[in-house]
Amino acid sequence: MTAKQRTGRVLIAVFAATMLVATACTPGGPAASGAPSATVAASASEKPQQGGRVIEGWATDLATIQPVLSNDTTSARAWGLIYDGIVAQDAKSGEAKPKMATYTISSDGLTYSFEMNAKANWSDGKPVIAQDWLTGLQGVAKSAKTVRKSTFQDVQGFNEYCAPAGTGKCTATASSITGVTIDSANPKKWSVKMTKVSCPAILDLIGYTIPTQVFGKYLTATSKAEDFDNAPENTNPTVSSGPFKFKEWRKGDQAIFSRNETYWQGAPNVDEYVMKVVANTAAITNGLKTGELTFGSIIARDLADMQTVDTVKITKYQNLGYTFIGWNTASPTAVGLADKRVRQALAYGIDMDAVIKAVVFGEATKQVAHHVPVQWAYPSTPLEPYKYDKAKAQQLLKDAGWTLGSDGILANAAGKKFSLTISTNSGNQERETLAQVAADQYKQLGIDAKARPEAFQGLVTKLTTGDQTLEATIIGWSLGGDPDPYSIWHSSNIPDPAKKIEGFGFTAFKDPAMDKAIEQGRNPTDGNCSTAARKANYETFNKILNENQPYNFGYSNNTLAVSQKSLQNFAPASFSTLANVHEWWIKK
Amino acid sequence: MRNFILRRLVYAIPTLIGISIITFVIVRMAPGDPIRLVTFGQRDITGEDIARLRHVYGLDKPLPLQYVDWLLAMVQLNFGQSFIYHQDAFQLLLTRVPATLQLAVTALALQLLIGVPLGVIAALKRGSWADGAIRVFGVAGHALPAFWLGLMLIILFAVTLRWLPSQGVLTVGKDVWDIPDRLRHILLPAFVLSLTGIANYSRILRTETLDVLGQDFVRTAHAKGLSERTVVFVHALRNALIPVVTALGGILAALVGGALVVEQVFSWPGVGQFTFQAAIAKDYPIVQAATMFVSVLLVISYLLRDIAYAVVDPRIKTG
């Protein structure tokens, strides 16, 4: 070997070693200079310190700060900081409770009376009044771009007021919303009359309380939809009723909110709240480790790594949603899915507990019904848990007429082989793994199963339009707000390509008793919207689903909220992260 | 020369129209529907709501009509309203341009400041350990995927050593004109983005310098008794740099267009990251605006390169 050759090999070795060192550097080792120092938790009696900045990591930029136009969680966080709601969900139970307004409901369940808190004020000194709530409703009615019009269709006079005429139920024939009456003697009091009893209404009627002194000029009798939709204050709000005021939005990088000194519940302890936009969940994890972020949510894969970082605190709580395998019960190709026994066999035939360990590192709860355990609508009576039982699954398949052929594949009496394609959105590593594991386990039952990742964008269209090429689909639901399952499970929402009906009922499963339970939980004929009465209906609803298994209900993930230990009073829960944001403080 | 430039400008028009058609068709051929994507999972959303939104954004018109509408508006720099942001797509894009330009210009500077000296050193020290090291670096520069290298550098310099920030353009709370803080942020992404260029330039310079050093005029310069430094830097390097200068023609546009991966890894709020996220959301106006923007940049830079060729090489007919 010549000297030159030796030199070259040494250089290559050095380069390779450098890369190995870089790869093997396990994050979470001793913090070097510049790292946030580990602090002990403050005691409950400790006086909150003023000042500092909360920096939350988000993997997407906010789209708007106008609640009427918003339909993504990042934007909802932003406008939630500056516009308070009249009613809020309890952070842990999800039940409605007064926030900026108190409310009563008439005995017939049709009239809601509200009174805005006397202290509630805008940051420009004006009081928050009933008209501000009405301005939000008028914004929804006039906007061409909102996706919320249907939410208010049961408010008396809304359909006659909303525009443009001919879209949905809007007729644009009235100059006011007749169902909303503001007390002439007290501008903080108003009532809303509904056309029918609607149990989710109290959360829907939170609506959007936005400043009339700002948005009123875009909602006059002669205003056009684009006046409101393109208002500069939609991206640059000038007044606030929430704990923070808008300061600056550096698009794609960060949105900065400063303390609202006149916040009606008391000014926040921290000076600023910053929503920092990062590329993905890996960047959030890195930002939390380096201290660049104060808090954010991480994925289960990063949990073990994060647990080695001594400067952060990890809070786990159940996510308001679940990941499932939806069976197309009307599939012309996977005909077995029409049979309840087959779907039950598919529930017994997959070891979901093992899947949860393998796919999300144990950070999830197995689901056997639509509602998740933290929701009040979750059934109290025990449901069939579908514990992994391969023998039972095989027996159910046999009972349904599927027998193993010489090739090891199940076939029915007509000789049709049981093949099954499980689709999911590509790029979602968790779901792709679940699809693969499910396919492998179903093969052991004699089903010719395979996983097929495809673009989420295309999958959504196929699902909502009822594309019959889909046999089984892994996707997830997010269940915020009211537990009303109408949009997903009522038979009127089963898509029908022939009639060009779209909807989220892509399993095509329907059951008259289930429809009735959903209807009674949403619009009860006796007007009883009490939690107990609705829960009874949802017991029936979940029992039917549990028995019929149109979904393998999969699992509900844990949310893994990570915060720097210096952040005090941080108490996120399933229904709210920011319920007490004005009480957060930074321990210096 | 004027006719040459005019002719080139006229050629650019069908090129851009062709790009606009391809962009328009590809964006719409991709599976999925933007309105269904926006409304998926929304409680109580109805078919009428979806139809209304399709009408608002002109998506209910036949495709050829949609294209003509878009083309006519585009001539007036109106690329339509973003489905996601409810704002003018081109204005939104422009807010991302400065960040990408910062990254691209810094990467270009690094390519020249590192690539050119490395190429010259490799040529002058041909066969030495330094030459070997530069050649290994050149191979690595081409071979290492940007996303992997970026992540490794973040783990090493940001997470483990805490020398540099892991993401973004500026530390939260710092003044926007805090140049040292900006430099700390741009160092890693600019280096990753420049790596292929450094490898390219060092290779080109090495070859060109070796070639020039063997030519008669260099021997003449030596014979005249000029110092080695003068021969190399005044006579040889000036000639060796010609291919580099011409290669610069499309490099800036290529960097702007090619920064997508680096911007994504380093959470850099530039055009690439913005377009990537818009493509996922099927936000047609933004994807189309971004594609046309980068295309126009490329066409202009190639035009400038052709003009530069015409200026330096009399064999190219300009009349």
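These legends describe close-up views of a predicted two-chain model.

Chains are lettered from A and ligands numbered from 1 as they are written, and residues are numbered from 1 along each chain as its sequence is written. Because the model is predicted, local features need pLDDT of at least 70, side-chain atom pairs count only at pLDDT 80 or more, and totals for chains, interfaces and linings use all residues.

**Figure 1. Chain A holds both helices and strands.** Chain A has 17 helices and 22 strands. Helices (H or I, at least four residues) and strands (E, at least two) are DSSP runs, numbered from the N terminus. The radius of gyration of chain A, taken over C-alpha atoms, is 27 Å. Buried residues make up 47% of chain A. A residue is buried if 20 or more other C-beta atoms lie within 10 Å of its own, exposed if 12 or fewer, and partly exposed in between; C-beta atoms are placed from the backbone.

Figure 2. Chain B has 15 helices and 0 strands. Its C-alpha trace spans about 85 × 60 × 35 Å along the principal axes. Of its 319 residues, 41% count as buried. Two residues are in contact if their C-beta atoms, placed from the backbone, lie within 7 Å. Among contacts in chain B between residues at least 6 apart in sequence, 72% join residues at least 24 apart. The mean pLDDT of chain B is 87, and 95% of its residues reach 70 or more. pLDDT is the predictor's confidence in each residue, from 0 to 100. Within chain B, confidence is lowest in helix α12 (residues 251-258), at a mean of 70. It is highest in helix α4 (residues 63-75), at 94.

**Figure 3. Chain B meets chain A.** Here 58 residues of chain B are in contact with 60 residues of chain A. Elements of chain B that give two or more residues to its side include α2 (34-39), α3 (47-56) and α5 (89-124). The largest share, 7 residues, comes from α7(B). By class, this side of chain B has 28 nonpolar, 20 polar and 10 charged residues. Ala, Val, Leu, Ile, Met, Phe, Trp, Tyr, Cys and Pro count as nonpolar, Asp, Glu, Lys and Arg as charged, and the others, Gly among them, as polar. The model scores ipTM 0.85 and pTM 0.87.

**Figure 4. Strand β19 of chain A pairs with β13(A) and β17(A).** Two strands pair if DSSP finds at least two bridges between them. Strand β13 (residues 321-327) of chain A pairs with β19(A) in the antiparallel sense over 7 bridges. A:G321 stands opposite A:S478 in β19(A). Strand β17 (residues 419-425) of chain A runs parallel to β19(A), joined by 3 bridges. There, A:I422 has A:A472 of β19(A) as its bridge partner. Strand β19 (residues 472-478) of chain A is mostly covered, with 5 of its 7 residues buried.

Figure 5. A nonpolar core is a set of buried Ala, Val, Leu, Ile, Met, Phe, Trp, Tyr and Cys residues joined through C-beta atoms within 7 Å. In the largest core, of 166 residues, B:L93, B:L103 and B:A289 touch the most other members. Helix α5(B) gives the most to this core, with 13 residues. Not counting residues up to four places away in sequence, B:A289 touches B:F79, B:A89, B:F90 and B:L93. In soluble globular proteins, nonpolar side chains tend to be buried together.

**Figure 6. Loops show backbone details.** The peptide bond from A:A163 to A:P164 is cis, with omega near -5 degrees. A:P164 is found in the loop between α4 (158-161) and β6 (180-182) of chain A. A:Y386 is not a glycine, yet has a positive phi of about 50 degrees. A:Y386 is buried, with 21 other C-beta atoms within 10 Å. B:L77, in the loop between α4 and α5 of chain B, has a positive phi near 60 degrees. B:L77 is exposed, with 11 other C-beta atoms within 10 Å.

Terms used
Rg over C-alpha atoms; globule rule 2.2 N^0.38 Å.
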